[in-house]
Amino acid sequence: MKKKAALLFALILAFCLGLTACGESTQNVTVTVANRTLQPIGSVCISVGDDFGENRIDTVLSDGDLLTLDLGEFSEDQLNHGFLISAADLDGNIIYETEDSSRLFGVQDGCCIVFLPPELSTVLDICEQYSGSVYDEMIRSELMDEPVRTLDELSAFEGLWKYDAEPFYLLIGGEAEWMAINAYGEQIGPFCLDQTEDGVVLNFDDGSILTTLCLADDGTLTDGDGNTLRASEALMLLPTPEDPLTQTISFPGSFSNVQVSFPVQMEGSPSSKMESGLSFSAVMEDGTDDYFSNITVSFQSATGFEPYMTQGLATAKPKMEILLTQLLDSMFKNYLIKVNGTDCKDCGSYYSITGYVWLDGSIFAGADAGTPVRGTMEVRYYGSSSHVLVGTAIALENRIQNYYDICRNMLDTVSCVGGWSTAPKTVPAKPAKYSDSGDYGDTFYWYDEDGDVWYWNGSEDIFIGFGDDYYIDDDGQYYESNDAGWDDDDYYDDYDFEYDYYDEYDDYDWSDAGDYYDDGWGDYFG
């Protein structure tokens, strides 16, 4: 086997020499330079010539920084000859320099050149793949005369820890590393940690320290500022529309036989302001933008609308808008600043109308948001019941889409009285003729010769709208041209709402709610 391998190597070598004879081949070499000298590097020179050549970096390389350099094309002879390497600090003082030709370095494409503190026995190292923890141990054990940590010594600190008063977790691993994860699922790290007589020190790559952790008698951790961390079996993040709705809760009052599902990332409880309502907030909301967010799901009284809900969307929509206006007034009262628009839909088994609003930030009792907040209210009409299902979502502007989507998902899990239908009407092949007695008692929409939409209610024609703005779909349902649903590019359609009497606020100077609160890390990393 060895003979075959040697023969194969000889054939390859002969082939390469033949190529060189025809025209010497070259190879492009790219390397990564890592500064682990504990000081800034101002210049790096790498050359195959008789001198060190020009500075290869055009920026300061701070301690812990890595930088990829394209060294250029080199022949096989040049690569075999080796490279001169040097590095200097910001004042031009040499940190490392190849002493003579006997110390030339073999540099291959993709390798990493690591500069270490001049006090170490090894000042420069060339490796195939960079590992920060390897050099962390080398520096600490040799320069700082500290023993290498063992897993047994750190086992009491390993695992996932949740801060009581901060919106993030610390994950401490068995390789003497740590990382932080906030309530949005964003993470920093991993970084290295050091063990002390009293606990551990959490370090950053630049040598700075986040905090120290000590193990308390009750099994919790305490950081350098006195904050408490508790062991956690799993991450609890802020809710998203993709989260499964695995929790259920029954409505209070006369609807106790009806349940709604919600994600485990939220807490649900009976509303203190609505007899048949539930309130939901994020478990991890403290210290994040989501502190100013809330979802409510409730049953609200709605009588006198049934006669208008059996003739199609054209007749139902104005009444749904009136119903929405009444509910906005009764539920939000003095907090309602502006209604931006509505979206009314025929969903087959129910009618739905959604209103998009601005609310005063003081709607959050005891914790004014300091800026207007966004809100949505969806009302679902299910037929002859004297109540409608209402879902509201309130949040800062940068989080309202998230909570609106979650609210809709939750509403879909509420089982209401079934069997009712919005009853789409058929579309005749030609306009109805009054002389045709067969049309009496049958209701439908139809187009006239101008393309306008009319509604035949069984005894007379009712004008619905002009053809440019209204249309009948293939299934016979009536639509408006703006019934396109949610517009992600322009969250709030700024068209007039028929029952909007809040126009005095049109010139309100809206602030950016997303800049008001925290980014999810609290002040801990400030």
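I took a residue as buried when its relative accessible area is under 20%. By that cut-off, 45% of the 526 residues of the protein are buried. I note that the model is a predicted one.

**Overall make-up.** I found six helices and 29 strands in the secondary structure. The exposed surface comes to about 26800 Å², of which carbon and sulfur atoms supply 48%. I also looked up contacts between residues at least 6 apart in sequence; 55% of them join residues at least 24 apart.

**Helix 3.** I asked which residues of helix 3 (residues 132-142) are buried, and found Tyr-135, Asp-136, Ile-139 and Arg-140. They lie on the same side of helix 3 because they cover an arc of only 130° around the axis. I found these buried residues packed against strand 6 (112-115), strand 7 (124-127), strand 11 (187-195) and strand 12 (199-203).

**Salt bridges.** My search of the whole structure gave eight salt bridges. One of them pairs Asp-164 with Arg-230, with the closest N and O atoms 3.0 Å apart. This pair links distant parts of the chain, 66 residues apart: Asp-164 is in the loop between strand 8 (159-163) and strand 9 (168-172), and Arg-230 is in strand 15 (residues 228-231). Asp-164 is partly exposed at 44% relative accessible area, and Arg-230 is partly exposed at 43%.

**A network.** I recorded Glu-378, Arg-380, Arg-408 and Asp-412 as linked in a network of salt bridges. Glu-378 meets Arg-380 at 2.9 Å, N to O. Glu-378 is buried, at 5% relative accessibility, and Arg-380 is buried at 2%.

Methods
Residues are numbered from 1 along each chain as its sequence is written. This is a predicted model: local features need pLDDT of at least 70, side-chain atom pairs count only at pLDDT 80 or more; totals for chains, interfaces and linings use all residues. Side-chain values use heavy atoms; hydrogens and water are left out. Buried means under 20% relative accessible area, exposed over 50%, partly exposed in between (1.4 Å probe, protein chains only). Helices (H or I, at least four residues) and strands (E, at least two) are DSSP runs, numbered from the N terminus. The arc is that of the directions from the helix axis to the C-beta atoms. Contact means heavy atoms within 4.5 Å. Accessible areas come from the Shrake-Rupley method with a 1.4 Å probe; for residues, only the protein chains shown count as cover. A salt bridge is a side-chain nitrogen of Lys or Arg within 4 Å of a carboxyl oxygen of Asp or Glu.
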